[in-house]
Amino acid sequence: MQNSGNIKLWTIPDQSAEELKELQQKIRIHRIKILIVILAIIGILLGGLVFAYLYFDQKSYQSFDVLQQIKRIDTEAAEYEEFQGNVLQYTKDGAVYSDLSGNIIWNQTYEMETPCITTCKEYLAIYEQEGNRIFIMNTIGAQGTIQTTIPIQRVSISAEGTVAVLMEDSNTSYLHMYSKTGKQLAAGEIHIENSGYPLDIALSDDAQKLAVSMLDINEGNIKSAIVFYNYGTVGQNEIDNIVGSYSYSDMVIPSIEFVSNDRLLAFGDTEIIIFEGTQKPEAVQEINLPEDARSVYYNDKYFGLVYDNPASAKGYRTDIYNMKGSCVLTQDFELEYTDIHFLSNNLLCIRNERQCMLYTMRGKKRFSYKFNRNLYGIISCKGQMDYLLILNGETNRIRLKDK
């Protein structure tokens with residue numbers, strides 16, 4: 001064949017099998033080296049993160065920087081609560097819901113001597129024990145009102161705004177269910193001479209399950225019962241919608257709460273009982289209390305009890321449990337507290353009118369401070385460094401810092 005132009009043909013010699021094997025080995029070694037470098041970098045980064053976490057977890061703060069200061073005109077006997085990341089202020093004359101910068105989202109007026117608040121997710125109900133009116137609110141504003149003819153004893157609200165109301169007149173108690181707009185959905189009666197005296201009610205997030213704590217004193221013997229109602233398809237096949245009843249001798253259960261849609265805590269004077277179930281809740285754990293508790297507090301992850309500490313004349317001890325019933329922290333403290341609760345970042349907050357202490361679930365004191373004015377509340381903003389302090393006459397957004 002004759003080549004045309006300047007094109008040249010080259011012949012590539014065949015590589016031996018031994019040379020190919022050597023080349024593949026070099027490629028394999030190179031890849032291993034790259035993998036080792038990548039793993040080393042990942043190890044260094046993970047080690048740095050672990051070190052930073054442990055360092056941060058052990059730090060304690062006694063000071064802060066004020067990031068934002070908002071002046072307020074306080075009314076007498078105002079109460080403050082965190083609600084969906086913002087601030088709820090309520091008094092006997094009304095409730096105001098504001099964002100963290102002090103901008104008012106809604107304002108609801110009413111007249112109540114001692115207003116009570118119950119919340120679930122984005123809904124809350126405002127009522128007065130022995131009163132006759134309930135205001136149903138959410139993060140946007142008023143959704144409805146309920147007017148009763150029988151004095152109100154307890155109210156529980158669901159995540160959709162459905163409200164369960166326990167009322168009492170003479171020797172008969174009444175259980176009513178209402179929609180968020182105030183429409184009555186169901187009604188029933190509890191006769192004390194037959195069933196006992198209802199102490200508390202709890203409505204699940206989806207409003208399908210209602211629990212009632214009953215107290216029966218017969219011939220000097222104390223007996224409590226937790227009765228579960230189901231208003232879904234499962235309960236329609238049961239008498240009076242009752243899907244379960246649990247009886248406990250020699251115990252009073254004054255408080256019950258659905259901490260999630262399928263988990264209820266019953267706080268008795270000698271035991272705490274954990275119930276779980278999507279349709280028919282069952283008792284899954286019973287925790288014996290060593291002594292009378294001074295306080296009980298909880299969120300959707302933990303619950304705690306406060307006892308007098310015999311080791312200190314002015315001291316207290318709190319035991320904190322997870323929702324499986326395991327004690328995760330026992331913490332001693334000496335602060336004469338007026339309030340103890342979990343913040344939204346799961347730190348334990350112990351405070352009185354002038355002092356505040358924050359603890360991690362590892363028992364490390366994260367923050368301690370004594371204020372020169374009254375402290376009405378503390379709200380976690382983001383992470384574990386930014387907080388909102390509700391002080392007398394002003395609200396301060398702060399960030400913790402070293403001295």
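Modeller: A residue is called buried when its relative accessible area is under 20%, exposed when it is over 50%, and partly exposed in between, with a 1.4 Å probe and protein chains only.

Biologist: Why is Asp-205 called buried in this structure?

Modeller: Asp-205 has a relative accessible area of 13%. That value is under 20%, so Asp-205 is buried. Please note that this is a predicted model, in which local features need pLDDT of at least 70 and side-chain atom pairs count only at pLDDT 80 or more, while totals for chains, interfaces and linings use all residues. Residues are numbered from 1 along each chain as its sequence is written, and side-chain values use heavy atoms, with hydrogens and water left out.

Biologist: Why are Lys-401 and Asp-65 called partly exposed?

Modeller: Lys-401 has 32% relative accessibility and Asp-65 has 37%. Both values lie between 20% and 50%, so each residue counts as partly exposed.

Biologist: Are the partners Asp-339 and Arg-351 buried or partly exposed, and what joins their side chains?

Modeller: Their side chains meet in a salt bridge of 3.7 Å, N to O. The pair links strand β26 (residues 339–342), which holds Asp-339, with strand β27 (residues 348–351), which holds Arg-351, 12 residues apart. Asp-339, at 23%, is partly exposed, whereas Arg-351, at 12%, is buried. Elsewhere, salt bridges that share partners join Lys-71, Arg-373 and Glu-394 into one network.

Biologist: How many disulfides are there, and why does Cys-356 form none?

Modeller: The structure holds 0 disulfides. A disulfide is a covalent bond between the sulfur atoms of two cysteines. Here the criterion is a pair of cysteine sulfur atoms within 2.5 Å. The sulfur of Cys-356 is 4.1 Å from the closest cysteine sulfur, in Cys-349, and is therefore too far for a bond. For Cys-120 the closest cysteine sulfur, in Cys-116, is 17 Å away, also too far. Cys-356, at 1% relative accessibility, is buried, and Cys-120, at 9%, is buried as well.

Biologist: What surrounds Thr-162, and why is Thr-162 called buried?

Modeller: Contact means heavy atoms within 4.5 Å. Leaving aside residues up to four places away in sequence, Thr-162 touches Ser-156, Ile-157, Met-177, Tyr-178, Leu-185, Leu-203 and Ala-207. Its relative accessibility is 12%, so Thr-162 counts as buried. Thr-162 is placed in the loop between β10 (152–157) and β11 (163–169). The C-alpha atoms of Thr-162 and Tyr-178 are separated by 5.8 Å, although these residues are 16 residues apart along the chain.

Biologist: How many helices and strands are there, and what is counted as one?

Modeller: The protein has 2 helices and 32 strands. They are DSSP runs numbered from the N terminus: H or I of at least four residues for helices, and E of at least two for strands.

Biologist: What radius of gyration does the protein have, and what would a compact globule have?

Modeller: The radius is taken over C-alpha atoms, and the globule rule is 2.2 Å times the number of residues to the power 0.38. A compact globule of 403 residues would have a radius near 22 Å, but the protein has 30 Å. The C-alpha trace spans about 120 × 60 × 50 Å along its principal axes. Of the 403 residues, 44% count as buried.

How values were computed:
Salt bridge = Lys/Arg side-chain N within 4 Å of Asp/Glu carboxyl O.
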